[in-house]
Amino acid sequence: MNEAIVGTKTMVVSPHYLASMAGDEILQKGGNAFDASVAVSAALAVVYPHMTGLGGDSFWLFYDKASKKVASFNGSGRSGANVTRALYKNQVSIPIRGIESIITVPGMVNSWDQILKQYGTMTLADVLAPAITYAEDGFPFSRNQHENTAAYANVLKAASETAEIFLPNGGIPAVNERFIQKNLASSLRTIAEKGRDEFYEGHLARRIVQSLKEKGCHLTEEDFASHQGTWTTPIQTDYRGYTIYQVPPNSQGFTGLIALNIIENFDLSAIKHGSFEYYHLLTEALKLSFRDRNKWLTDPDFHDIPLDRLLSKEYARSLSEEIQWDQAVGLSAQTLGSDTAHAAVVDQFGNSVSFIQSLYYEFGSGVVAGDTGILMQNRGSFFSLDPSAVNCLEPNKRTFHTLMPAMACKNGKPAIVYGTQGGEGQPQTQTIIATRIIDYGMNPQQAISAPRFVWGRTWGEQTEELKLEGRVASDISNRMAASGHSVRVVDDYHQAMGHANAIVIDHQGYLHGGVDPRSEGAAVGR
């Protein structure tokens with residue numbers, strides 16, 4: 001799978017074909033990329049419920065043709081006003097599942113409203129229509145959802161409301177069996193009819209909070225009512241003639257910029273793609289960027305993050321000097337969830353959107369809010385209970401966030417709109433995609449389909465390791481191991497690599513879409 005889909009006017013890429021089709025449907029009705037992106041986002045919340053949902057967060061990166069500017073929106077929620085470390089005084093860490101892991105307000109629904117008000121041309125009801133249909137009438141149960149349901153059946157069984165939806169009649173639906181979510185359809189329809197405030201201040205908000213409170217959650221109606229996402233200024237760096245944009249903290253986006261700044265000190269034209277030198281260099285650059293991320297990343301409203309220094313070329317040059325060709329850098333990895341979904345849209349008007357959304361872990365907290373059909377995220381479980389930690393739990397605080405949509409512009413216009421699922425794997429896969437397209441001239445499908453690696457504990461392992469897909473030549477994996485990498489060779493197309501998407505806009509204005517063969521995604525171009 002190496003040929004990109006090429007469109008002349010529009011392109012939608014996402015990790016599920018039905019979500020891509022939902023976005024295309026909106027574009028064909030005259031909507032713009034912002035309208036279509038919200039449609040894709042809502043559809044993913046229905047057809048990829050193990051990866052994302054209304055109970056989660058989202059981050060957005062836009063190019064607005066009218067203003068000729070790149071903008072970003074932080075759709076992540078804050079911890080509740082009554083959520084303190086004292087609630088967990090007898091615990092070493094916050095539980096990653098169950099009611100105690102629900103400590104932040106979900107921000108995605110608010111992001112839909114803000115984006116449509118700022119840039120959209122259609123109503124919330126218009127763009128939610130495909131998602132409502134998928135939820136109410138059902139859709140073919142995907143292989144990816146089937147595999148994740150089987151893997152996390154014990155999590156789903158722990159709460160009756162959750163099991164009733166995701167384990168109907170006590171079993172795991174077969175691949176392509178019709179999967180219906182009536183309660184979620186009802187909640188979506190109510191939001192479509194009454195708007196964003198119904199989710200945060202209306203009867204639906206009260207139902208969500210009451211159901212969670214009965215189970216022991218400390219989020220309040222006031223926490224929901226006070227939630228607002230934030231329009232932010234994207235952060236950026238230059239890389240070989242491209243301007244690379246990321247969303248700012250509390251996103252880990254700056255990690256990807258640091259890695260590219262480090263790699264820019266090396267002549268990739270002298271390094272063969274797929275060689276030991278290629279894999280080693282990227283792995284080491286990324287690990288060095290993780291070192292700073294782990295030290296600094298949290299809510300910038302609570303702690304200053306020295307982005308000017310971290311993103312400087314001089315700093316990257318000093319980091320590049322730490323890379324040795326015969327020895328891997330030692331670094332401890334954090335355990336990060338990877339339950340996310342990225343998508344991108346480019347429209348016929350010249351607008352571009354890259355966005356990503358999440359419940360954090362697979363199926364999030366595992367808790368559905370009563371009869372709403374809304375599965376709640378466990379993003380707040382990443383807060384630390386150590387008061388000296390930069391990302392320690394405090395009331396009304398946003399946590400360290402893995403979500404990081406990306407965009408690369410050339411001569412002031414979008415050239416690559418890209419991103420990926422995968423927790424710690426997000427900056428890694430983004431760096432792989434960017435170098436393959438920019439340095440090695442690959443089309444987006446080639447860049448995504450070629451063998452990948454991921455370092456760390458993305459899926460909750462107890463030790464750091466470098467996973468290499470089985471298509472990487474054995475002599476290269478052996479040499480990586482000899483250089484100090486803890487190598488594990490995995491399947492040829494392994495799920496730990498995440499589900500990436502990319503759109504490349506060429507000099508003619510044609511749109512080249514690539515989606516991940518590891519997902520059920522589709523590139524839909526016109």
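What share of the 526 residues in the protein chain is buried? The figure is 65%. Buried means under 20% relative accessible area, exposed means over 50%, and partly exposed is in between, with a 1.4 Å probe and protein chains only.

Some ground rules. This is a predicted model, where local features need pLDDT of at least 70, side-chain atom pairs count only at pLDDT 80 or more, and totals for chains, interfaces and linings use all residues. Residues are numbered from 1 along each chain as its sequence is written, and side-chain values use heavy atoms, leaving out hydrogens and water.

Now the overall fold. The protein chain has 18 helices and 19 strands. Those are DSSP runs, numbered from the N terminus: helices are H or I with at least four residues, strands are E with at least two. The radius of gyration is 21 Å, close to the 24 Å from the globule rule for 526 residues, so the chain is as compact as a globular protein of that length. That radius is taken over C-alpha atoms, and the rule is 2.2 Å times the number of residues to the power 0.38. Along the principal axes, the C-alpha atoms fill a box of roughly 60 × 55 × 45 Å.

Next, contacts, meaning heavy atoms within 4.5 Å. Take those between residues at least 6 apart in sequence: 73% join residues at least 24 apart.

On to Ser251. Where is Ser251 placed? Look at the loop between strand E9 (242-246) and helix H12 (253-263). Ser251 is buried, with a relative accessible area of 0%. Its side chain makes polar contacts, which are pairs of N or O atoms within 3.5 Å; within protein, one must be able to donate a hydrogen and the other to accept it, and residues adjacent in sequence count only if both atoms are side-chain atoms. The side chain of Ser251 reaches the backbone oxygen of Leu403 at 2.7 Å. A polar atom of that side chain also lies 3.0 Å from the backbone nitrogen of Gly253. Leaving aside residues up to four places away in sequence, Ser251 touches Phe59, Leu297, His401, Leu403 and Met404.

Last stop, Val47. Find Val47 in helix H2 (residues 33-47). Is Val47 buried or exposed? Val47 is buried, with a relative accessible area of 0%. Again leaving aside residues up to four places away in sequence, Val47 touches His16, Leu18, Ala19, Tyr134, Phe139 and Gln145. Now find Ile180. Val47 and Ile180 are 133 residues apart in sequence, and 9.8 Å apart in space, C-alpha to C-alpha.
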